[in-house]
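Please find below a colleague's note on the structure that follows.

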Amino acid sequence: MRRVLLNRLWQLVLVALGLSVLIFFLIRLSGDPAGVIGGPDATPEMLQAIRERLGLDDPIYVQFGRFVADLFQLEFGDSFQYRSPAIDLVLGRLPASLLLASLAIGVALFLAIPLGMTAATRPGTWGDRFARWFATLGQSVPHFVLGIFLIFIFGVQLGWFPTFGNEGPRSWILPAVTLSTFIMARQLRLVQAYASEELTLGYVKTMKALGYRSSRVYYRHVLRNVTVPMISLLGIELGTFVGGAVITEAVFSWPGIGRLMVGAVTARDYPIVQAGVFVIGVLVVLINLVVDLLYGFVDPRLRAGGERTE
């Protein structure tokens, strides 16, 4: 386990540095921020003054050197739009993004586990057919399409939930459901597949022959063995989840990092984009570290071995 921790911490450093350097060059291909800041009526003299004030008139290698020096101090400069430290703006949006992500993962697992177990234990029934249809739909519909549909039906037509912002628990439901769909669908199919395989093993038949209740066999023993691949899949799909979170936050005007970065990309606000990518990259690596540590608690064999087998 110590080796896993050290490897993940080293990976954290490499990912953070690599993403930061990559985004430094990529964001500069999007255009000149001076044109956005100055507006359509800005004269060439005004645009040049803006570039000088922001340090964008320096050669690219000078800008890069300054960026690397600031990066080691976890500084990304002031936002072009808000005139405030970019890292503070990003971290200020972090709680809202973590709240939405936690709710979405909770909804996904809350639906995926019972539906997947129903499909595995009752093949051919309406529950099995519904679970398969639900999983297919969840993997097929893009986040922005589902989000707009939910807003129109449950927000505009029925008026049950707020359609934008973070205005309390009622406003959490639609964005959490939207963000949860893809992970829910993948987890449902995984639970169904692995549980179906477990049900063919001898220990299940033996426990049933000894008189154990089916529910106890399914949810205490079969589901426990399915938990390991569930955690593994969740860690693998974090990148897709982050992308879906950015889209979902934009659709629902959720005050998180994703929405902040969408606006920053549009405004070519380099510092916010760089700080946002850095924070998201660090979070992904840290969550993967937590996933690796969870293996030891779920499966004692992995804890004894010190690390999981890929």
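**Notes on the predicted model**

1. Asp-58 is partly exposed, because its relative accessible area is 26%, where buried means under 20%, exposed over 50% and partly exposed in between (1.4 Å probe, protein chains only). The side chain of Asp-58 meets that of Arg-66 in a salt bridge, at 3.1 Å from N to O. Arg-66 likewise counts as partly exposed, at 35% relative accessibility. The criterion for a salt bridge is a side-chain nitrogen of Lys or Arg within 4 Å of a carboxyl oxygen of Asp or Glu; by this rule the count comes to one.

2. On conventions: this is a predicted model, in which local features need pLDDT of at least 70 and side-chain atom pairs count only at pLDDT 80 or more, while totals for chains, interfaces and linings use all residues. Residues are numbered from 1 along each chain as its sequence is written, and side-chain values use heavy atoms, with hydrogens and water left out.

3. The secondary structure consists of 14 helices and zero strands. Helices (H or I, at least four residues) and strands (E, at least two) are DSSP runs, numbered from the N terminus. The C-alpha trace spans about 85 × 55 × 30 Å along its principal axes.

4. Of the 310 residues of the protein, 41% count as buried. The protein exposes about 16,500 Å², and carbon and sulfur atoms supply 65% of that area. Accessible areas come from the Shrake-Rupley method with a 1.4 Å probe; for residues, only the protein chains shown count as cover. Among contacts (heavy atoms within 4.5 Å) between residues at least 6 apart in sequence, 74% join residues at least 24 apart.

5. The largest pocket has a volume of about 580 Å³. Of the 30 residues that line this pocket, Ala-101, Ile-105, Leu-238, Phe-241 and Ile-287 are the closest to its centre. Two or more lining residues come from each of helix 5 (86–121), helix 8 (173–198), helix 10 (214–236), helix 11, helix 12 (257–266) and helix 13 (270–298). Helix 5 gives the most, with nine residues. A pocket here is an open set of points on a 1 Å grid over the protein atoms alone, where a 1.4 Å probe fits, with protein on both sides within 12 Å along at least five of seven lines; lining residues have an atom within 4 Å of a point. Grid points are joined across faces, edges and corners, and a volume is the space filled by probe spheres set on the points.

6. Ala-96 also belongs to helix 5 and is buried, with a relative accessible area of 12%. Its contacts, leaving aside residues up to four places away in sequence, are with Trp-254, Pro-255 and Gly-256. Ala-96 and Ile-257 are 161 residues apart in sequence, yet 7.9 Å apart in space from C-alpha to C-alpha.

7. Thr-248 is found in helix 11 (residues 238–251). Is Thr-248 buried or exposed? Thr-248 is buried, as its relative accessible area is 1%. Not counting residues up to four places away in sequence, Thr-248 touches Leu-100, His-143, Pro-175, Thr-178 and Leu-179.

8. Trp-10, Val-13, Leu-14, Leu-17 and Phe-72 form a nonpolar patch on the surface, and together have about 530 Å² of accessible area. Patches are made of residues with over 30% relative accessible area and no salt bridge: like charges are joined within 9 Å, and nonpolar side chains (Val, Leu, Ile, Met, Phe, Trp, Tyr) within 5 Å. Val-13 lies in helix 1 (residues 2–27) and counts as partly exposed, at 39% relative accessibility.
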